[in-house]
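Work through the exercises below with the sequence and the 3D view at hand. Each task is followed by a solution in steps.

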Amino acid sequence: MLVAFLELMSHCAIPLLVIGIPILAHFRGIDVFASFIRGAEEGLKTAIRIIPHLVAMLVAIELFKLSGVLDILLEILKPALGWAGIPPAVLPLAIIRPLSGSAAFGFTVDLINTHGPDSFIGRLSSTMQGSTDTTFYILTVYFGSVGIKKVRHALIVGIIGDIAGFLAAVYICQSIFGRG
Amino acid sequence: MINRIWLGFLSLGVVVAMAKGQPEMVTKAVTVGSELAVQTALGLVGTMTFWLGLMGIAEDADLIVILSAIIRPWVGWLFPDVPAEHPAMGSILLNMGANLLGLGNAATPLGLKAMAQLQELNPYPDRASDSMCTLLAINTSSITLIPTMVIAVRAAAGSLNPTEILGTTLIATGCSTTAALLADAYYRCFHKSVGGWKKC
């Protein structure tokens, strides 16, 4: 019931905004087309402004993945997982989730297909995928778009959120679905 | 912080690649990473242009200011340094709403609009303000009510109950957002900021 309502909301939100904003503005005496163009001119500029930040970040992340640093990190962390009841198969997903959205999604699809969507790993990886966002990407794009170079505590806060999300996902999936 | 992490990623990556006798991986990372960056940025242009256009209409009609005034009592406490009825509150709300509903295409442009408005209030243009850090905390920990993509993948893989992960995802994302907001509040209040220590 709640799910159906939320799905309806998510399907209708965009059509409602697309029709609602211009109509309300029209009745408030605004030249909607001119206003749209004025606002839209920022689109390309914003995207171009992000490019240097994104190149810097994505090259570093690719290097981290391709050079083998990621594999070394996984080897180091693996023994710590056993006692927590965390399947080692989800560790790469946990590490890559904050770094690369497309890679993480690829991992999740792979885990779901390999282990089955209704296995513990399948359910856990599904939960992990939806529980946080790509911290490094969001940080780079959001701060890059306004030219901020000193991010202060935003990065550490994002990583704390990622770790909390991962641990919560493990705990909740174990409690609700069992370790099966 | 980001400075050191970036330097760390680069130097560790190059050293490990060289040590493994695969210097070509460095070249590959540079090519793949920079191409992906440009593709990602340019991929945003279309939807970003549209949503910023729609926001332009909402701005000119003062709809954002009205929305800001309406929602300020509910989420205003998260952003104490945004003045009452400043349009940034409206954009922040739209960004949070789009995230909640899983509308990634709309969430990013709306979030960037909010960042641009917060930047107007920022006394140090190359340094993140408190409110920006809070907005980032909300976005990086993503409060999503319906993870549409994951459900689609599960259904395609033949799950007996593709939506059974809705509850677990909601609890996990609630924990990550709560942890991020608490950490943000901690740093905001007890960490040294530009004007010395701040008390909350």
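**Exercise 1: Leu70(A)**

Leu70(A) has 19 other C-beta atoms within 10 Å and is therefore partly exposed. The model is a predicted one.

Task: find where Leu70(A) is placed and which residues Leu70(A) is in contact with, leaving aside neighbours within four places in sequence.

Solution. Step 1: Leu70(A) belongs to helix 4 of chain A. Step 2: a residue needs 20 or more such C-beta atoms to count as buried, and the 19 around Leu70(A) leave this residue partly exposed. Step 3: beyond four places in sequence, the contacts of Leu70(A) are Phe64(A), Lys65(A) and Ile95(A). Step 4: Ala80(A) is 10 residues from Leu70(A) in sequence, and the two C-alpha atoms are 16 Å apart.

**Exercise 2: Chain A as a whole**

Task: state how many helices and strands chain A has, and compare its radius of gyration with that of a compact globule of 180 residues.

Solution. Step 1: chain A contains nine helices and zero strands. Step 2: a compact globule of 180 residues would have a radius of gyration near 16 Å, whereas the value for chain A is 21 Å. Step 3: the C-alpha trace of chain A spans about 65 × 45 × 30 Å along its principal axes. Step 4: 48% of the 180 residues of chain A count as buried. Step 5: take the contacts in chain A between residues at least 6 apart in sequence; 62% of them join residues at least 24 apart.

**Exercise 3: Positive phi**

Solution. Step 1: Arg152(A) lies in the loop between helix 8 and helix 9 of chain A, and its phi is near 50°, a positive value in a residue other than glycine. Step 3: Asp62(B) sits in the loop between helix 2 (24-60) and helix 3 (63-75) of chain B, with a positive phi near 60°.

**Exercise 4: Where the chains meet**

Task: find which helix of chain A gives the most to the side that touches chain B.

Solution. Step 1: 89 residues of chain A are in contact with 90 residues of chain B. Step 2: helix 3 of chain A gives the most to the side of chain A that touches chain B, namely 18 residues. Step 3: the residues of that side of chain A are 55 nonpolar, 22 polar and 12 charged.

**Exercise 5: Helix 7 of chain B**

Task: list the buried residues of helix 7 of chain B and say what covers them.

Solution. Step 1: in helix 7 (residues 148-156) of chain B, the buried residues are Val150(B), Ile151(B), Val153(B) and Arg154(B). Step 2: these residues are on the same side of helix 7 of chain B because they cover an arc of only 160° around the axis. Step 3: their cover includes helix 6 (101-115) and helix 7 (120-131) of chain A together with helix 8 (165-190) of chain B. Step 4: just after helix 7 of chain B, Gly158(B) has a positive phi of about 85°.

Conventions. Residues numbered from 1 in each chain as written. Chains lettered and ligands numbered in written order. Predicted model: local features only at pLDDT ≥ 70, side-chain atom pairs only at ≥ 80, totals over all residues. Buried ≥ 20, exposed ≤ 12 C-beta atoms within 10 Å, placed from the backbone. Helix = DSSP H or I, 4+ residues; strand = E, 2+ residues; numbered from the N terminus. Arc of directions from axis to C-beta. Contact = placed C-beta atoms within 7 Å. Nonpolar A, V, L, I, M, F, W, Y, C, P; charged D, E, K, R; others polar. Rg over C-alpha atoms; globule rule 2.2 N^0.38 Å.
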